[in-house]
Amino acid sequence: MNLNDLKARYSIKKFDPDKKLSKEQIDLLIDTFHLCPSSINIQAWKMVVVGDNILKNKIAEAGKRSNRQNIEDCSHVLIFMRRKIDMHHINSVIETTPIFGKMIEKMNLTKSKLATFFWFNAKIWGGKSWVTHQLYLAIGFILAACAQNKIGALPMEGIFTKKIDKILKEPSHFKTVAAIAVGYPHIDDINNPSKLQKARLPKELVTKLI
Ligand SMILES: Cc1cc2nc3c(=O)[nH]c(=O)nc-3n(C[C@H](O)[C@H](O)[C@H](O)COP(=O)(O)O)c2cc1C
């Protein structure tokens, strides 16, 4: 990641409704999400990419304040959902993570013992909030990938998550947490750092080198 890409990135506050992202750009975001790290590789999540205009406009109605217009005008909206951790999910993770197979061999465990251990720990680590933290890490990953690849993005917590769950109709063990609108900025977007200076607290206040 190049610092200049991070200096140029910003949260788009007005999208160009006539410009759409290409299939390659969308595939890149999907691959980025797929490669996101998570604690014990739990991947208790899903990113739903909505490009269909009718569905996107429905989701816009679940946006708060200016997010409504931004969802309507963006190219695609990415919905980040957490997944409930159950044994079925933990078993899928164990089966697809070779290092866990090695652990089972080395520690003379069984798959089901390791799965129970993970399930128990996931609950101790905080369940929903633990998974939500993982998801925010993934959101950061996607924002960084957008910056690096000149894809405009607006992260959004200002959404009615339950309304979005109803619109998307994913299985009930998936719950919306946050969203990112992606696309191209409108020429009149005032938040562009070329028009409005990037606003940050002094570096010395938020970092420390010891
Ligand atoms: C987790 C998160 C949630 C945000 N939610 C919203 C939102 O709902 N609507 C909005 O317009 N901006 C939202 N933002 C954008 C922030 O206001 C913006 O990142 C911040 O002011 C810094 O500006 P910059 O992203 O342009 O550097 C959100 C940002 C983050 C990281």
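A residue counts as buried when its relative accessible area is under 20%, as exposed when over 50%, and as partly exposed in between, using a 1.4 Å probe and protein chains only. This is a predicted model, in which local features need pLDDT of at least 70 and side-chain atom pairs count only at pLDDT 80 or more, while totals for chains, interfaces and linings use all residues. Residues are numbered from 1 along each chain as its sequence is written, and side-chain values use heavy atoms, with hydrogens and water left out.

**Cysteines**
- With a disulfide taken as a pair of cysteine sulfur atoms within 2.5 Å, the count comes to zero disulfides.
- Cys74 is in no disulfide, and the nearest cysteine sulfur, that of Cys146, lies 11 Å away; Cys74 is buried, with a relative accessible area of 0%.
- Cys146 is likewise in no disulfide, the nearest cysteine sulfur being that of Cys36 at 11 Å, and Cys146 is buried, with a relative accessible area of 1%.

**Helix H7**
- Helices (H or I, at least four residues) and strands (E, at least two) are DSSP runs, numbered from the N terminus.
- In H7, Leu114, Ala115, Phe118, Asn121 and Ala122 are buried.
- On the other side of H7, Lys113, Phe120 and Ile124 are exposed.
- H7 is followed by Gly126, whose phi is positive, near 120 degrees.

**Strands S3 and S4**
- Strand S3 (residues 152–156) is mostly covered, since four of its five residues are buried.
- Where two strands pair if DSSP finds at least two bridges between them, five bridges join S3 to strand S4 (residues 174–183), and the two run antiparallel.
- Met156 stands opposite Ala179 in S4.
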